[in-house]
Amino acid sequence: MTPDTPPERLFRNARLQDGSTVDLAVRDGLFVEPGFLVTEADEVDLKGLPVLPAFVDGHIHLDKSFVGDRWHSHCPADGLQERLNIEKRMLTNALPITDRADALLAQAHAFGTIAMRSHIDIDATTGLANLHAVMAACEPWRGRVDVEFVAFPQAGIIASPGTADLLDAAVREGAGIVGGLDPTTFDGDADAHLDVVFGIAERHGVKIDIHLHEPGNQGIEQLRRIAARTMASGLNGLVVVSHAYALGDVDLDAAARTADILAQAGVAIMTNAPGDRAFPPITLLRAAGVRVFAGNDNIRDAWWPYGDADMLGRARMIGYRSGFFTDADLATALDMATTDAAMVLGLERYGMAVGDEATFVIVDAENAAAAVAAPPSDRRLVQRGAIVPSSTSRLDTVFPRYDTQQGYRP
């Protein structure tokens, strides 16, 4: 319970995603039935403003971003190895990871993100230094932005001797997910690469999240290989493939056949709808039973200069690039940045139902669909019933202003 939160609070006239207007009752940080409030609760009239589930970023790189640092102009590269070399050089001249990760966490939280999955580079040159730095940066944010850590072999596994042992060590030191990267294209030996990734996951009982950029039929074969490994190891529901560009490269029949295989294995797909690549057909995958969720991926780093950590903006991008026009389509994009991502991360008591944590985002929009189509800058995060201080403008007519010396004031 934070200082601004009484034991009980009533948010009146909140507009839900289905368009209904309800009163949201909170006791001790959880939603309860309004009739269960036993004291004269503190009341906040939302005046029909929409409330959305808090945002969940399913794929981010906290160790790479230059948010919080000076502007770093983008350097073009002819290939992946040159890009990795440029990244190393640019990061050498940047602020410490802890400072940049903290700034990015603050920016994400201000937009309404309360959980994320961060991929962290693990390789022979950096060892576990990035992991330790990101973990240190995230610790003060625990309870505000909770982070899952992925041990990510950015330089490959087979191609980078010693990385397999480092991935194992990273998991022992707190990374709850073991990552992978383009098993054939990057490492040249898909079976050896996946032996390491699935071996670590099985030994330590952790999840898997594999970056897969491999195109066309090669990528499709890789997805089927990963699905087969998932079934054989009993990791159904614990494996994610991030990006999976190949699903957008092949015809819809091939994508549909692969979707059925992924659904049977419980392999989820993450997409950020990147601007320069084909990406998975979201509607087709969801119809087959595949969980598809969203993340921002790289934000203002050596890979590209774009990004601001706003998952509502990411939902808009996904909807725009997918040709989502109806309210139901826009709701799908929002689900990918909220409930679907939350399920993949395994968040407990997440949602808007009685018994869930009273954590949500109020937005200055006509309804949820309008908020996805044109994400408003005016929004307010409520976390476990506490109104998180913000510099918003119009919403300060709804909520008391926050004074750093005196707290909330009329």
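**View 1. S65 is a buried residue of this predicted model.** Its relative accessible area is 0%; buried means under 20%, with a 1.4 Å probe and protein chains only. S65 sits in the loop between β6 (55–60) and α1 (80–92). Helices are DSSP runs of H or I with at least four residues, strands are E runs with at least two, and both are numbered from the N terminus.

**View 2. Residues around S65.** Leaving out residues up to four places away in sequence, S65 touches R100, L104, I299, R300 and D301. Contact means heavy atoms within 4.5 Å.

**View 3. The protein around the site.** The protein has 13 helices and 18 strands. Of its 410 residues, 54% are buried. Among contacts with a separation of 6 or more, 74% join residues 24 or more positions apart. The C-alpha atoms fill a box of roughly 65 × 45 × 40 Å along the principal axes.

Residues are numbered from 1 along each chain as its sequence is written, and side-chain values use heavy atoms, without hydrogens and water. In this predicted model, local features need pLDDT of at least 70 and side-chain atom pairs pLDDT 80 or more, while totals for chains, interfaces and linings use all residues.

Terms used. Buried means under 20% relative accessible area, exposed over 50%, partly exposed in between (1.4 Å probe, protein chains only).
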